[in-house]
Amino acid sequence: MLKIERNEYQALRQHGESTYPHECCGVLLGQMQDDGARVVSSIARAGNTRTDSAHNRYNIDPKELIRIQREGRERGEDIIGFYHSHPDHPAQWSQTDLAEAHWFGCSYVITSVDRGKAVLTNAFELRGSDESDKKLVDENIEVLEPDHFHTGA
Ligand SMILES: [Zn+2]
């Protein structure tokens, strides 16, 4: 289960629209709860270093990832996942996505962007113990409304 506030959810979808027809990518920061749910408290946009074929692969510069991790820790946030977009392709992980996923227990969020418009956003959890048995498993996304939208008790 991935919990994310409406604002962050929209921001990661809009990122994919703004980089269309290229892929966008970024990092999800927040907390891992005791029941295994991940709660996103902020997202960090990352530059896509894959200039060779930015439409079907993505890669975050390791130096940028370290900087994002450090800045998150200063706010008490951990890296709990990653996101990227699939321009004109379904919001389903590819073999390349699985091969390039290395953070076990983290969420991998994919947004399909159809002709410049964000359509579906799906999340997958990377499970397994090492590279040989790893797999991406469907995960629910719960979009949280900001507090000021709540009415009643
Ligand atoms: Zn992908």
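Let's start with a word we'll need throughout: a residue is buried when its relative accessible area is under 20%, exposed when over 50%, and partly exposed in between, using a 1.4 Å probe and protein chains only. Lys134, at 11% relative accessibility, therefore counts as buried.

A quick note on what you're looking at: this is a predicted model, where local features need pLDDT of at least 70, side-chain atom pairs count only at pLDDT 80 or more, and totals for chains, interfaces and linings use all residues. Residues are numbered from 1 along each chain as its sequence is written, and side-chain values use heavy atoms, with hydrogens and water left out.

Now back to Lys134. Its partner is Glu131, and the two form a salt bridge with their closest N and O atoms 2.8 Å apart. (A salt bridge here is a side-chain nitrogen of Lys or Arg within 4 Å of a carboxyl oxygen of Asp or Glu.) Glu131 is partly exposed, with a relative accessible area of 45%. By this rule the count comes to 10 salt bridges. Some of them join up: Arg38, Glu125, Arg127 and Glu139 are linked in a network.

Have a look at helix H2 next. Helices (H or I, at least four residues) and strands (E, at least two) are DSSP runs, numbered from the N terminus. Glu64 and Arg67 sit 3 residues apart in H2, so about one helical turn separates them. Their side chains meet in a salt bridge, 3.6 Å from N to O. Glu64 is buried at 18% relative accessible area, while Arg67 is partly exposed at 33%.

The side chain of Glu77 meets that of Arg75 in a salt bridge of 2.9 Å, N to O. With a relative accessible area of 8%, Glu77 is buried. So what is Glu77 in contact with, leaving aside its neighbours within four places in sequence? The list is Leu29, Gly30, Gln31, Ser41, Ser42 and Gly72, where contact means heavy atoms within 4.5 Å.

Then comes the metal. The zinc ion is coordinated by His84 (NE2), His86 (NE2) and two OD atoms of Asp97, at 2.0 to 2.4 Å. Along the chain, these donors follow the spacing H-x1-H-x10-D. Donors are N, O and S atoms within 2.8 Å of the metal (3.2 Å for Na, K and Ca), and water is not among the atoms, so sites may look incomplete. Why is the arrangement irregular? The 4 donor atoms subtend angles of 56 to 154°. Four donors count as tetrahedral if all angles lie between 85 and 135 degrees; four count as square planar and six as octahedral if opposite donors are over 155 degrees apart and all others between 65 and 115; anything else is irregular.

Finally, the nonpolar cores, meaning sets of buried Ala, Val, Leu, Ile, Met, Phe, Trp, Tyr and Cys residues joined through side-chain atoms within 4.5 Å. The largest has 19 residues, and Val27, Ile60, Phe82 and Tyr108 have the most contacts inside it. Strand E2 gives the most to this core, with 3 residues. Apart from it lies another core of 11 residues, including Tyr9 and Cys24.
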